[in-house]
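Biologist: I am new to this one. Could you show me the structure and let me ask how you know what you say about it?

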Amino acid sequence: MLTSSPADGLRFAFGTLSVLPVRVRRWDREAARGGMLCAPVVGLVVGGCAALPGLLLLFLGAGPLLAAVASVAVPAALTRGLHLDGLADTADGLGSGKPADEALRIMKQSDIGPFGVLTLVLVLLAQVAVLAQLYQDSWREGALAALTSAVAARLALTLAARTGVPAARPEGLGAAVAGVVPAWGALAVAAGCTVLAAGWEATTGPDGAVRAAAAMLLAPAVAELLLRRCTHRFGGVTGDVFGALAETAATTALIVLALGH
C-alpha cells in the first residue's frame, strides 16, 4: 500500500481548493487526509493574494471600498467561484423544504434559485462592508483580516472532513474527503491556526490578537452549526456544503474582526 507524503497532501489541497496549477497525482483517502489537514495552508496563499490588490489600490490612491471589493474578488477567482456557488446551492437546498433526495437534486442543478441569490448578495455585501471598514481604519488591519478570514474558511473545511461526518452522495468531492481527518488532527490544526492568527494580528495591538483568536474560534463554530444542519437535512456533506462552510466561516471571521472598531 502506498503511503501518502506531505507533498501529496499539499498537491491535493491546492489542486482541489484553488485554481493554482498543481497536478493532483493521487486521489485516494490518504492523500485526501493530508490535503484536508493542509487546507489552511491554501488559505494562507489565497488570503495573501487577496490582500495584495487591496493594498496596491490603497497605495495608488483608491478608496477603502474599492480595495475591499478587490480583496473579496480574488478569493472568488482563485476558487473559480466554487465556494460561492456551493453557498448558493446549499441555500437553495435548505430553503426548498424538499426531502433529502429532492433537495440534493436541486443543489446539483446549474441554475440558482431565490434563496441562493439572496444569500450570495448578503454574504458578499457583508464581506465587502467589513473589509472596507478595516481598510478605512488601517491598511494593515484590512490586509490581515483578508488573510485571517481566508485561513478560517479553510480551517472550517478541515474540521468538516473529520471522522464521523458522512457524505451525502457516493461520488464527488464530498465523498472523497468526508471522514478522512482524525478528530485529534483537526483540533491540532485549529489550535495552530488560532495561535498563528493571534500572532500576526498582534501587530495591530493586543485587542487585535484577541479578536483574531476569537475569529478563528467562532468562525468554525458557526460553520459547525451549518454543517450539523446540512448533515441532518441531506444525510451528509457534499462539495456544495463544503463551499458553503468556507464562505460562512470567512464571513463570520470578518464580522468578529470588525467588532470593537
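Predicted model: local features only at pLDDT ≥ 70, side-chain atom pairs only at ≥ 80, totals over all residues.

Biologist: Why is Gly-93 called buried?

Modeller: Buried means under 20% relative accessible area. Gly-93 has a relative accessibility of 0%, so Gly-93 counts as buried. This glycine is found in helix α5. Leaving aside neighbours within four places in sequence, Gly-93 is in contact with Ala-103, Met-107, Arg-233 and Phe-234.

Biologist: And what makes Arg-80 exposed?

Modeller: The cut-off for exposed is over 50%. Arg-80 has a relative accessible area of 59%, so Arg-80 is exposed. You can find Arg-80 in the loop between α4 (64-78) and α5. Its phi is near 55°, a positive value in a residue other than glycine.

Biologist: How do you know on which side of α6 the buried residues lie?

Modeller: Start with the residues themselves: in α6 (residues 100-108), Ala-103, Leu-104, Ile-106 and Met-107 are buried. They cover an arc of only 155° around the axis, and therefore they sit on the same side of α6. Asp-101 and Lys-108, on the other side of α6, are exposed.

Biologist: What covers the buried residues of α6?

Modeller: The cover includes α5 (82-95), α11 (206-234) and α12 (239-258).

Biologist: Why is α1 called roughly perpendicular to α2?

Modeller: Helix α1 (residues 6-17) and helix α2 (residues 29-37) pack at an angle of about 70°, with their axes 7 Å apart. Angles of 65 to 115 degrees count as roughly perpendicular, so α1 is roughly perpendicular to α2. The residues of this contact divide into four nonpolar, three polar and no charged.

Biologist: Which residues meet there?

Modeller: From α1 come Gly-9, Phe-12 and Ala-13, and they meet Ala-31, Ala-32, Gly-34 and Gly-35 in α2.

Biologist: One last thing: what makes a group of residues a nonpolar core?

Modeller: The members must be buried nonpolar residues of the listed types, joined through side-chain atoms within 4.5 Å. The largest such core here has 80 residues, and those with the most contacts inside it are Met-36, Leu-131, Val-177, Phe-242 and Leu-245. Helix α8 (residues 139-160) gives the largest share of this core, 13 residues.

Biologist: Which residues does Leu-245 touch?

Modeller: Not counting residues up to four places away in sequence, Leu-245 touches Ala-156, Leu-157, Ala-160, Ala-223, Leu-226 and Leu-227.

Conventions: Residues numbered from 1 in each chain as written. Heavy atoms only, no water. Buried < 20%, exposed > 50% of the residue type's maximum accessible area, 1.4 Å probe, protein only. Helix = DSSP H or I, 4+ residues; strand = E, 2+ residues; numbered from the N terminus. Contact = heavy atoms within 4.5 Å. Arc of directions from axis to C-beta. Axes fitted to C-alpha atoms, helices over the stretch in contact; angles between N-to-C directions. Parallel < 35°, antiparallel > 145°, perpendicular 65-115°, else oblique. Nonpolar A, V, L, I, M, F, W, Y, C, P; charged D, E, K, R; others polar.
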